[in-house]
Amino acid sequence: MTPVLEGLRVLDFSRLLPGPYCSWLLADQGAEVIRVENPRELAKQAKVFGWDKLDETGRARQRARDMLARGKRSVQLDIGSEAGRAALLKLAASCDVVIEDYRPGVLAGLGLGYEDMAQVNPALVYTSLTLCGQTGPLRDKPGHDPVALALSGVLSRTGEDPEAPGLPGVPSADVTTGAHAAFATLAAVMAARATGQGRHVDVAMTDCAMTLVANIVSRYETPAEAPPRGTRRADLGLWRCADGAWLCTTDMEPRYWVKFCEVMGHPEFIPAQLDPTRRPEIRATLAEAFAQEPRAHWLALFEEAGTQFAPVNDVTEALAEPHLRARGMVIEVDAPGGALTQLGPPVRLGGEPAPSPAVLPGTDTQAILADLGLAPAEIAALTGGGENGEDRTQRSGT
């Protein structure tokens, strides 16, 4: 089968998690994604993380571990130079999509904004991912995932402590934003192909994070009436077993609750499923019961009964989970120094290209610039500099 996004060409300026996640979804479905990498930003990053001390094999291995750069080409250019700008505008003219995650106005200040690129490619879809969007009172606000979760109301719902919110432990706003951005980008591409007119797609982390409270808004006319943290139902539980391992149960439908209570030896709890006054008693009793046997005992018992349950896997256990491997969600990718375990495409439509590890920065610069028709001398000038001079992207407030 042919990859579903074969023929879609994406110019990717993004550096933080939401943008690369978006373009990773596209690349894993066959889109040609060309990463634009600034040599000064790469040098700063290498010093911060100690990658500048790695040998060639170590650098290749470190780069290959970057799952979100998998299957993408890399062009290394100084985006703040006039020659770099000219080359990138020429490249944008051959692309369907641009993805960028600089703060509002930064790339426009370099002559690489939507209006600049639309002049050379009117059908271009230009997707910008930022914390608070291109408009509104907070458009220039800096911040990362937790700030988006805080502004959108999500942090007020996370954690078990009724007195204080808790960070989720995973970058939920980043990933949610990346997925929404991929959806928005492809929707805009469909419109551009139908009309010949592209657009500037404005994706804000705060907007996307707010979808995580959709159940609160849809169930409660007054959100303040929603149950506070730490008051979850008795039929939804996290249970510590005798061996210290944890499991999760979600027997919220009445028929599952009946089975669960019978398996646990407490049929008297069946009619009290929705009684909030009984929750402390039920949870304390069940917690004491779970603490008497190791997790394997409970997993076998619930499997036989057909209730709703799962072990609380850590990341290592999840990567070894046979079901996730059978689904292709956990894969092995050949890489310098040996195979790497990575995540497969979360959605598999058929015909996905074989996964290839991320290449070193600038691997494809010569070939991509040559395809644009640049002369060897022009390519040499573009690829030989960029180590000195003012970093205009930093000055502009990325």
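A residue counts as buried when its relative accessible area is under 20%. Gly113 has a relative accessibility of 5%, so Gly113 is buried. The model is a predicted one.

**Overall picture**

The protein chain has 398 residues, and 42% of them count as buried. Its secondary structure comprises 18 helices and 11 strands. The C-alpha trace spans about 80 × 50 × 45 Å along its principal axes. Take the contacts between residues at least 6 apart in sequence. Of these, 72% join residues at least 24 apart.

**Gly113**

Where does Gly113 sit? Its place is the loop between helix H5 (106–109) and helix H6 (114–120). Neighbours within four places in sequence aside, Gly113 contacts Leu107, Ala108 and Tyr126. Ala380 lies 267 residues from Gly113 along the chain, and the two C-alpha atoms are separated by 26 Å.

**Helix H1 and its contact with H8**

Helix H1 covers residues 18–27, and helix H8 covers residues 172–195. Is H1 mostly covered or mostly open? H1 is mostly covered, with 10 of its 10 residues buried. The buried residues include Pro18, Tyr21, Cys22, Trp24 and Leu25.

Two packed helices are described by the angle between their axes and the distance between the axes. The axes of H1 and H8 come within 7 Å and cross at roughly 50°. The two helices are therefore oblique to each other. H1 passes H8 in a right-handed crossing.

Which residues make this contact? From H1 come Pro18, Tyr21, Cys22, Leu25 and Leu26. H8 supplies Asp174, Val175, Thr177, Gly178, Ala179, Ala181, Ala182, Thr185 and Leu186. By class, the residues of this contact divide into 10 nonpolar, three polar and one charged. An α-helix has 3.6 residues a turn, so residues three or four places apart point the same way. On H1, Pro18, Tyr21 and Leu25 are among the residues that meet H8.

**Helices H11 and H13**

Lys259, Phe260 and Val263 of H11 meet Leu301, Phe302 and Ala305 of H13. This contact has five nonpolar residues, no polar residues and one charged residue.

**Cysteines**

A disulfide is a covalent bond between the sulfur atoms of two cysteines. How many disulfides does the model contain? The count is zero. The cut-off for a disulfide is a sulfur pair within 2.5 Å. Two cysteines show how the distances fall out.

| Cysteine | Closest cysteine sulfur | Sulfur distance |
|---|---|---|
| Cys132 | Cys208 | 12 Å |
| Cys248 | Cys241 | 11 Å |

The sulfur of Cys132 is too far from the sulfur of Cys208 for a bond. The sulfur of Cys248 is likewise too far from that of Cys241. What is the accessibility of Cys132? Cys132 has a relative accessible area of 13%, so Cys132 is buried. Cys248 has a relative accessibility of 24% and therefore counts as partly exposed.

Technical notes: Residues numbered from 1 in each chain as written. Predicted model: local features only at pLDDT ≥ 70, side-chain atom pairs only at ≥ 80, totals over all residues. Heavy atoms only, no water. Axes fitted to C-alpha atoms, helices over the stretch in contact; angles between N-to-C directions. Helix = DSSP H or I, 4+ residues; strand = E, 2+ residues; numbered from the N terminus. Parallel < 35°, antiparallel > 145°, perpendicular 65-115°, else oblique. Left-handed = near helix turned anticlockwise from the far one by under 90°. Contact = heavy atoms within 4.5 Å. Nonpolar A, V, L, I, M, F, W, Y, C, P; charged D, E, K, R; others polar. Buried < 20%, exposed > 50% of the residue type's maximum accessible area, 1.4 Å probe, protein only.
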